[in-house]
Amino acid sequence: MDSELARVLGSVVANATPLVIASLGETITERVGVINLSLDGSLQLAAMVAFVTAYASGNAMLGLAAGLIAGLLVALLILFSNIALRQDQVAVGFVLTLLAADLAQFLGQNYTRIPGPTFPTIPIPLLRDIPFLGTVFFNHNALVYFSFILLAATWFVMYRTRWGLALRAVGERPAAAFARGTNVTRTRYLYTAIGGALVGVAGASYSLAIKAGWANPAVMRGDGWIALAIVIFGGWHPLRVAFGAYLFTGLRALASTIQQTTEFPLVLVNAVPWVLMILTLLLVSSGLVERLMLLSPPWAQRLLRNFLRSAPPVALGTQFTRE
Amino acid sequence: MSVEVRHIHKTFGAVHANDDISLTFADGRIYGILGENGAGKSTLMKILSGFYLADSGQILIDGRLVHYDTPRGAIEVGIGMLAQDPLDVGPLTVLENFVYGQPVGPLPDWQAARRRFAELAERLGFRLEPDMPVERLSIGQRQELEIIRLLALGVRVLILDEPTTGISAEQKSVLFASLQRLAREDGLTILFVSHKLEDVLELCDEVAVLRLGRLVGTAVMPVTTGELVAMMFGQALAPPSRRAATPGDTVLEVQDLFMASERVVMRDCQVCVRAGEVVGLAGLDGSGQQLLTRACVGLARPLGGRVLINGVDMTGRPYRDFLAAGVSFGAAGRLEEGLVAGLTLAEHFILTDAGQGWWIDRERGRQIAEERIAHYRIMGRPDSPIETLSGGNQQRVLMALIPPAPRLLVLEHPTRGLDVESARWIWEQILARCAAGTAVMFTSADLDELVTYSDRILVFYAGQVTEVPDARSVTVDELGHLIGGQRVGEEAGR
C-alpha cells in the first residue's frame, strides 16, 4: 500500500536519527562555546555501553540511559579539563575520541554479534494512516519520534526563551553574559552535559534501533566526524543542522542504490556523499550565501538572517575568566 | 540616588590602582572623572559597577552601606555601567539584547518588550531598529542600546566609560542631550569617565581628577582647560611645536583609486603627499580611510587606479616592495598586526633589524633592544614579552621599529588609547622624522589631533573625500560636521 518512495524516505528518516540527535547535541554544546570533538569515539562508546547494559538487564530503556550517561561523562570530562585544569578543548577532545573508540572495542569484544533488546516500531495511531507522510514520519521507533521533538524543542528554547538568550550569549560573548548576571561556568556545564547526553542517546540509537546489536562499529565509524561537519554545514542553527543530517543520509542511501543497480565503480559511489558535503561546505562558508541574502528584500533578510548565518560562535573553544 | 565611596583601595600586584579614594556623588548631577591612562579611573568605576571587588573601603548608597561583587549585584543596588566597548552580544538582535538580563520569566513577552523598548528609545531620542543584529550597529548605536537597557533595569547611577571614543559628532550631541535630560528630569547620577577635556567641559557639572591612583582634586564647573590639565599632569603641557611646512617632492601619489569593502565603496580618490608634509585622514571608522592606507602600503590591492611612490607605479606590488621603496606602516591593531604577541622586545628588533643571517644573533638583538629602550624610553626589558607592556609602551615599540628616516610613513590611529603625555611624545617622534623629510599620512578619530598636527586634512565620508587644504584654518567643530557628511562651505546650521 505504501509507495516505494515513501518507504525509501521513511528509511532515510530512521537511519538519519543518530546523526540528527548527535549533531543537534553538538550544536547545543558549541553554541554555548564548548567544542566536543570526541564525537566519533563517544558515539561508539555509548553504543557499546547501551547495548551491553540492555543485553545484561534485558531492558532497552536501561541501555539507553547507560548510553546517555556515557556520552554525558565524556563531554563533562572535556569541559572539566578545560575549566578546572585549563586544558585545550580540542586537544582533550581529540585524545578522548581515540580513547573512547578503543575502549568501546576492548570492553565490548565479548558482546559482538549477539542479539539483544531493541526499541520496537510503534506506529502512531491515526497519523500512521495519512497517506505517504504516515509512512515517512509516523511508523518508527520511539527514538525517531524523540528526534522530532528534540529538533522542535532545541529551536524553540534557543530562539524564543530567556534560557536560549543566555545560551547563545555565553557562546558569543561570555563577558556580556556575566555582566547580565548569567553564571557562565554553570551555563557551560549545563548545556555541555545536555549536548553530551544527546550524543550518548545517538550512540545508543545505533545499537538499540538502527543496527541492533554491538557488531562492528564500522556501521557508525566516521559518523562522529560527519556530525561535526554537519554542525558547520548547518551554521550552528538547529533546523539547518537537522536538514544537513537528513540530506547526508539521503545522499548515502542514493549512493548505495546506485551501487546496487549500476556497474558504476563502488569506491567512487561511496565517495559521492563526502564530495557533495565538501562542496556544500565550501558554498556555505565562502560568504556566497551572505551576499545572496543582501540582495533579497529586507523582510526576507530578517526571516533568513538567523537561518543562513554561518559564522561560528565567537567564544567557541575559549576559556572565560572573570577580570 | 547619591553614592559615596570611602577609602577605596585596590592593588594589582605591585600597582596601587586606587589609593584611598573617597568621593561623593549627588543625584541629578553629571560628574566628570578625569585622569590620564593608568590613573585608576577605570578601576574605580569597575569597583562601583561590580566588576572588581575593592581590597578595602566602603560604598554607600543614600547613606546606606552596600556590598556586592558582581555587575548583577551592582544593578540590583541601582548602579549600571556602559563599558567603553559596550558589553552586548553581536549576533543577537537589538531586542534580544534588550530583553536578555531583564527580570523576565522563561518565556519573555516579546511584544511587551518591544513596546517598552520603543517607549524608552523615543523618550531619549534614540533611533534603533529592534530587529537589527547588534553586530551591524555603530558603536554609538550600541551605546544607546546599552543606556536603554540599563534604564529599563531601573539603574539610578549611570557610569559611562570613555563613551565619546569612536562616535560621530552627531551621535555625541544626541548622547549629551539625553544624559542631560536624564540628570535634570529624572534625577539620575551620571559619572562620565573621559580623558577628553573638551567633552568634560561641555557636559559635566563637577569633575574629580585622579592621578597615579590617587584623588588629586575635585572642582565645580566652570573650570578652565589649563586648570584641569595642571591637575591631571601636575603641570600644563604644550603640544610639540609645528614647524612651518616647506613641502618637498611628491612622495606618494594616488590616482583614481577605486576600492571597495563590505561597508563602503570608494571611487576616483586622488591623494598626493609631499616630503616633509603631514596629511591627516579624518572620518568615521570604515569611511574609506583604511582602504586608502592599506592600498598605499601594498596590503590591499585596488580594484582600479594607481599608487605611485617616488614617481614609480607600485600598484599591485607586494608589501615587501613597498618596504624596499622606503614605506613604513604602523597598523591600527597594535597587537594584532603591528607586533607579535609572544615574542620579546629583543626578538622584535631582531626580526626587523638583525634578521639577515641564518642564525639568530641574540647578543646583537639584545644590544639593539637596550639602545632603543633607552632612546624611546620604553618601560620594559629586552626579554619582556611584548604583550606584558602597556598600550603606551607598545606604541613606543612600534615607533622604535620604524626606521629613522623612511620616505613615507603611514600610521593608523598612532595615539589611540594613549594619555596626553604619551601621545605628545609619539608626535615628537613623528614630527622629528617629518622634519628630516619623511612624508607622513595618518588616520585618527581624535579631531584635536588632526587639527593640531596636520598640514592638510582629507575628510572621508562614505567613500567620498573632501580636502581641507589648510588644517590650521579649520576648527574642531567644522571638522566634526564634515565627518558627519556636510560639505565644505555648507551652512552648519542644525
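Among contacts in chain B between residues at least 6 apart in sequence, 67% join residues at least 24 apart, where two residues are in contact if their C-beta atoms, placed from the backbone, lie within 7 Å. The structure is a predicted model, in which local features need pLDDT of at least 70 and side-chain atom pairs count only at pLDDT 80 or more, while totals for chains, interfaces and linings use all residues. Residues are numbered from 1 along each chain as its sequence is written, and chains are lettered from A and ligands numbered from 1 in the order in which they are written.

The overall form of chain B comes next. Its 494 residues would, as a compact globule, have a radius of gyration near 23 Å, and the 24 Å of chain B agrees with this; the radius is taken over C-alpha atoms, and the globule rule is 2.2 Å times the number of residues to the power 0.38. Along the principal axes, the C-alpha atoms of chain B fill a box of roughly 70 × 50 × 45 Å. Chain B has 17 helices and 20 strands, these being DSSP runs numbered from the N terminus (H or I, at least four residues, for helices; E, at least two, for strands). Of the 494 residues in chain B, 44% are buried, meaning that 20 or more other C-beta atoms lie within 10 Å of the residue's own, with C-beta atoms placed from the backbone; 12 or fewer count as exposed, and values in between as partly exposed.

Chain B is divided into domain 1 (3-233), domain 2 (238-326 + 403-494) and domain 3 (343-402), with bounds from an automatic or database domain assignment. Between the C-alpha centres of domain 2 and domain 3 of chain B there are 27 Å. Their contact takes nine residues from domain 2 of chain B and five residues from domain 3 of chain B. On the domain 2 side, helix H15 (residues 420-435) of chain B gives the most, with three residues.

The largest nonpolar core has 146 residues, and B:Tyr31, B:Ile159 and A:Ala47 are among those with the most contacts inside it. Such a core is a set of buried Ala, Val, Leu, Ile, Met, Phe, Trp, Tyr and Cys residues joined through C-beta atoms within 7 Å. Helix H9 (residues 184-210) of chain A gives the most to this core, with twelve residues. Apart from it lies another core, of 71 residues, including B:Val251, B:Ala423, B:Ile430 and B:Ile483. Leaving aside residues up to four places away in sequence, B:Tyr31 touches B:Phe25, B:Ile190 and B:Phe192, among others.

Strand S19 (residues 456-461) of chain B is mostly covered, with five of its six residues buried. S19(B) pairs with strand S13 (residues 278-282) of chain B in the parallel sense over four bridges, a pair of strands being counted if DSSP finds at least two bridges between them. Here B:Arg456 in S19(B) is the bridge partner of B:Val279. S19(B) also runs antiparallel to strand S20 (residues 464-468) of chain B, joined by five bridges, and B:Phe460 stands opposite B:Val465 in S20(B). S19(B) and S20(B) form a hairpin with two residues between them, and B:Ala462 in the turn has a positive phi of about 50°.
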